[in-house]
Structures are given as structure tokens and as C-alpha cells.
Amino acid sequence: MVMGVMNIEEGASLPAKNTFQVFMCSIIAAVGGLMFGYDIGISGGVTSMDTFLIKFFHHVYEKKHRVHENNYCKFDDQLLQLFTSSLYLAGIFASLAASYLSRRFGRKPIIMSASAFFLCGAILNFFAQELGMLIGGRILLGCGIGFGNQTVPLFISEIAPARIRGGLNLMFQFLITIGILAASYVNFLTSTVKDGWRYSLGGAAVPALILLIGSFFIHETPASLIERGKDEEGKRVLRKIRGLEDIELEFNEIKRATEISNKVKSPFKELFTKSENRPPLVCGTLLQFFQQFTGINVVMFYAPVLFQTMGSGNNASLISTVVTNGVNAVATIIAVVMVDRLGRRFFLVEGATQMTATQISIGALLLKHLHLIGPITSRSVPLIVLILICIYVSGFAWSWGPLGWLVPSEIYPLEVRNAGYFCAVAMNMVCTFVIGQFFLSALCRFRSGLFFFFAVMNVIMGLFVIFFLPETKGVPIEDMAEQRWKKHWHWRKYFKQN
Ligand code: BGC
């Protein structure tokens, strides 16, 4: 698969109007982010609902209500965690499949299939009678997420004119946060309804349907058409989305990019064996690793459980979750507006610092106030933790959240861009799986120490950015090696000096 349009970035003179078609296609595709976000936001609330636990995880329900149960271990259950994390396991394989299939058949059918998978998963979960159906539904949702996350950001990059590509790209992350917010609100509404969890899980059908219907109206990207030899159709779509008759210049750029890229028969081999690809491979993949080890999904998946652990009632904990997710969405807008002005490194380092400080504070508060047995007696502590979580989430939302996706999409040379991007997506899924699967057990074993662990990770990632990640703001993608990697104190040794 090739991201041909990326190549024209430096051709700032390439003519293009900001057409309705481009906005429509990008917004529809970004609904893939809404699906992803809805899912992230829904699982935590559902796993804290009693009716859900009674039906599928009765032993967890009993444990949760035992007065003398260890606070930190109330929700520790491998099967319960598998409910959350099975989706990401499926997502890893699905995104690998999507990276091949979208090269062969185009981006549009993959986006359509993503929504179809997601729809089926939502329906299965709505009707779930036993754990098998529930996990089966999660696997289908995972296929939808894998197909969507691998294809949507690339689709937007290919369809957007270079000038507004960054902003349109971050729409994906913005819709992720809207999805999370919507999900937590749905959980809040359904938590008092009989079998409310069914509506929460079935609600995933809504973003899936929007994407499914919308995807009939999007255009296949010119790069994909031209890559598959459909030059005339590619030109026709280019004319439409650029709002111009004369698109020869851009067409030739895409053609040239496609030809270079098509010479590389095995992008993965090229990616892993050529030393010049090592710097972006290490940085892009580690960025996603670090994104997950900021600890964000501990908050996204388990915030309601965490608030309940501190002794808040079911309702209060769901409201708290809506609040943190609202902060997440609003703070993302700051990134959308400022990231091309202040740069990537600034936000990444600032975000890591903010998250370190808040993790340490939360850890210290829990250490002091959350004893093994019984709720927190101080009324102010849960509120302070809520405020700290909001500060933490905003730090993530304007830094590692959007940039974890944006940076890997702009640091690879064209020939290996897709393979490289897949590594970032896969790293995201693997780490999300690990956090989803083991957090509750880790909380049980390490208690508040876990927050200190994440604080240390945040320090490491901040230092990594300072020493190893060059600033990519404003650098034309195809010039990245010349302008950045080859001049970097560490990475330059991977380039043959000539
Ligand atoms: C991450 C997700 C996270 C979300 C929170 C995304 O960029 O990949 O794991 O839950 O941001 O907003």
C-alpha cells in the first residue's frame, strides 16, 4: 500500500481547493475513531455494573460486595479482564490483515468492512446470553477496530490536501475522545435501567451504522486507485476532491510515488533490514509503546472501578467518569489548534511532566488514605483524586494521545510508510491488551505502587523525547531523513556517510 499523496507535501504550490468532498470524506472516515472511542469508554462502566457482573461474572460480584474484601483486589479477575482486552488481541491480527487487504482492494472496502464487523459485534453483545457470546462479540468488534485504525488515518492523509492534512488527521483522535465521552454518558444513563449493560454494549451499533452508511458516500483515494492501475478513475476522483480541472501535477506526483513504492516488493523486509529505517522504526513504535504506558487506559477502562474502589457509589463513579472524559475531549482541541505552532516535542515533554506529577500525587493519596479494607473515610480525597485525574487526562489529551498517532504517520520514508505505520498500530493494540488484561491484577498486587510505576514510565518517555526524538513540525515528510535523522547526534550513524 502506498500513501502517495504524502509525497506531494513539499509541493506547497500544488493547487487544491478545500472542497466539501474532502471534508465530508474525512469526517465520515474519522467516525472510525468514534467506534474505537465508544468501545474504550464503554467497557469500564459496564464491568462496574452489578447486573452485568451478576449475569456473566457472578464470582466477581460476590467478591465486590464482601465487606472484608481487599479494596485493591475487588475486581481482580482474569476473565473479567479478558472481556476488556480480547478486543485488542483480535485487533492486532485484523490490522495486519487490513494492511494487506487495503493495498489489494482499496481503502474504501476496508472501511466498510470495519463498520460491518463492528455492527455484528455490537448486535452479538446486545443479545449475549453467556460469556462465549460476549467474548465472540468483542472479537468481532476488535476486527472492526483493527480494520478501522489501520486504514482511517492513512485514508485521511491520502485524501486531504497537504495544507490541512495535520488538522484533518487529528480529527481521528478528536472523534476517539468524543466516542469515549458518549460511551461514558450512555453508561451513566443505562446504569439504572434493567439490563442496562445490553443497551450500553448494543449502542456500539450507532457509530458502526453511521460509518457503514457514510462509507457508501466516500471516494476511494486517488493514491489507491492509481496504485492499482486505475489511472483514469484516479484522475476523475482527484478532480472532484480538489475542485479543479487541472490535476496533472498532483497526478504525476502520485504516479511517481507509486512507482518508487511499487519497486519495493517486501516493505516489511525493507523496514526491518535497512539500517536507515531503524530511527523511524524505533521512534514510531516506541512512541505508541510509551503512549500506552502513560497509563491512560487504566483511567479509560477502569476509572469507574477505581472510583468505586475508593468508596464512591455506582452513580457518583459514573458521573466522575463523564467528567474526566469531557476534559479529555476538550483538551484534545488544544492539540489540534496548537501542535503545528508549538511543535511535537514541546507537547510530548510537557505532557509527560504533567502526567508524572499527577501520577505521583494520586499514588501518594491512595497510599495514605486507601487502606486494604473499607472505603476512604475522608470525603475530600475522592474529589481531589478526581481533579488530579482530570489534570492527568488533559496532559495526555494534548500530547501523547494525538501525537502517538500523528508522529508515526510522518516520519517514515514512503516505501515503508505503511509497514511502519502498522508497527505503531500493532504496538498500540499489544500494549492496550497488556494493560487491559493485567491492570486489575497488578492493582491487587502492587496497590498504589502501580501509580508510581507509571510515573517512572512518564519520566523515561519524557527523557526519550528530549534525547532521541527530533522535532518533525513543519518538516516536509520526504525531507525527514535529510533534515532530521541524518543530523541527529545519535541517529545519524544509521546513514551511510557520503
Ligand atoms: C489511545 C487510546 C486511549 C485514547 C484516550 C488514544 O490515542 O490510543 O488507547 O484510550 O487515546 O483518549
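**Exercise 1.** Which side chain has an N or O atom 2.8 Å from an oxygen atom of the ligand?

Solution. The model is predicted, with local features needing pLDDT of at least 70 and side-chain atom pairs pLDDT 80 or more, while totals for chains, interfaces and linings use all residues. Residues are numbered from 1 along each chain as its sequence is written, and side-chain values use heavy atoms, without hydrogens and water.

Step 1. The side chain is that of Q173.

Step 2. Q292 likewise places a side-chain N or O atom 2.9 Å from a ligand oxygen, and for a polar side-chain atom of N297 the distance is 2.6 Å.

Step 3. Of the 310 Å² of accessible area that the ligand has on its own (Shrake-Rupley method, 1.4 Å probe), the protein covers 100%.

**Exercise 2.** Describe the shell around the ligand.

Solution. 

Step 1. The ligand is surrounded by 13 residues (a heavy atom within 4 Å); Q173, Q291, Q292, N297 and W405 are the closest.

Step 2. By class there are 5 nonpolar residues, 8 polar and no charged, where Ala, Val, Leu, Ile, Met, Phe, Trp, Tyr, Cys and Pro count as nonpolar, Asp, Glu, Lys and Arg as charged, and the others as polar.

Step 3. Helix 7 (165-190), helix 14 (278-293), helix 15 (296-309) and helix 19 (400-406) each supply at least two shell residues (helices are DSSP runs, H or I, of at least four residues). Helix 7 gives the most, with 3 residues.

Conventions. A polar contact is a pair of N or O atoms within 3.5 Å; within protein, one must be able to donate a hydrogen and the other to accept it, and residues adjacent in sequence count only if both atoms are side-chain atoms.
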